[in-house]
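Student: I have a protein structure open and would like to learn how to read it. Could we go through a few features together?

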Amino acid sequence: MKQAEVHLYRAAGYPRMPWRNGGGTTQEVACNPGGSAAAFDWRLSIADVAQDGGFSAFTGCQRIITVLEGQGIQLTVDGLEQAPLAPRQAYAFAGDAQVQCRLLDGPIRDFNLIYAPARYHARLQWVAGAQPWTFHSAARSVLVLTAGGALSVRVDGARHELPSRYDCLHIEAPDGLAEYRLEAGTPLDACVIELLPRGA
């Protein structure tokens, strides 16, 4: 039986880079194997937003944003004001949309998934509270970000550790259904992303 390929990305080593529009900075968490900040099929990043302003455009991509720290934001997308976005809520929008961001009460830190919808189906969900938490997935790529403390992820029984806050585990699974189990010494606070290639 083919084993999953598992990579741990440590928050302490995430590279920091300027936004495409120059309005702030982003830490890149992970992107598809062989991808880069300039060209990718999917990418995860953490951004610090200190003031109101516009988002960079990612034409041809889909985006999902969620607030990690701070009181939240309100987005205006293509001229339409959206409901306030509180921490641990996710909002999806087109990468080429015209987006303005207003801080609700001070700076925030957000977590972003940007991906090519022509190539992937994507699901992002927050897991909180009671643990352990088990799910099954046929996704080719599964990513787990811990927003709390240390977290363990079992992939078909094999245990992998995320030692620190905002560490990310990237699992490239073989074809078929795999079992994932999240365990921690404290209540869970983690984001789980599943990416399934279209046509798979």
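This is a predicted model: local features need pLDDT of at least 70, side-chain atom pairs count only at pLDDT 80 or more; totals for chains, interfaces and linings use all residues.

Student: Is Thr 66 buried or exposed?

Tutor: Buried means under 20% relative accessible area. Thr 66 has a relative accessibility of 0%, so Thr 66 counts as buried. You will find Thr 66 in strand S6, which covers residues 62–69.

Student: What does the side chain of Thr 66 reach?

Tutor: The side chain gets to the backbone oxygen of Gln 89, at 2.8 Å. Beyond residues up to four places away in sequence, Thr 66 also touches others, including Arg 88, Phe 111 and Trp 126.

Student: Which side chain makes a polar contact with that of Ser 141?

Tutor: That of Glu 172, and the polar contact is 2.4 Å. Ser 141 belongs to strand S14, residues 141–146. With a relative accessible area of 1%, Ser 141 is buried. Setting aside neighbours within four places in sequence, the contacts of Ser 141 include Trp 42, His 170 and Leu 195.

Student: Now the cysteines. How many disulfides are there?

Tutor: A disulfide is a covalent bond between the sulfur atoms of two cysteines. To count as one, the two sulfur atoms must lie within 2.5 Å. By this rule, the count here is zero. For Cys 31, the nearest cysteine sulfur is that of Cys 168, 11 Å away. For Cys 168, the nearest is that of Cys 191, at 8.9 Å.

Student: Are Cys 31 and Cys 168 buried or exposed?

Tutor: Cys 31 counts as buried at 12% relative accessibility, and Cys 168 counts as buried at 1%.

Conventions. Residues are numbered from 1 along each chain as its sequence is written. Side-chain values use heavy atoms; hydrogens and water are left out. Helices (H or I, at least four residues) and strands (E, at least two) are DSSP runs, numbered from the N terminus. Buried means under 20% relative accessible area, exposed over 50%, partly exposed in between (1.4 Å probe, protein chains only). A polar contact is a pair of N or O atoms within 3.5 Å; within protein, one must be able to donate a hydrogen and the other to accept it, and residues adjacent in sequence count only if both atoms are side-chain atoms. Contact means heavy atoms within 4.5 Å.
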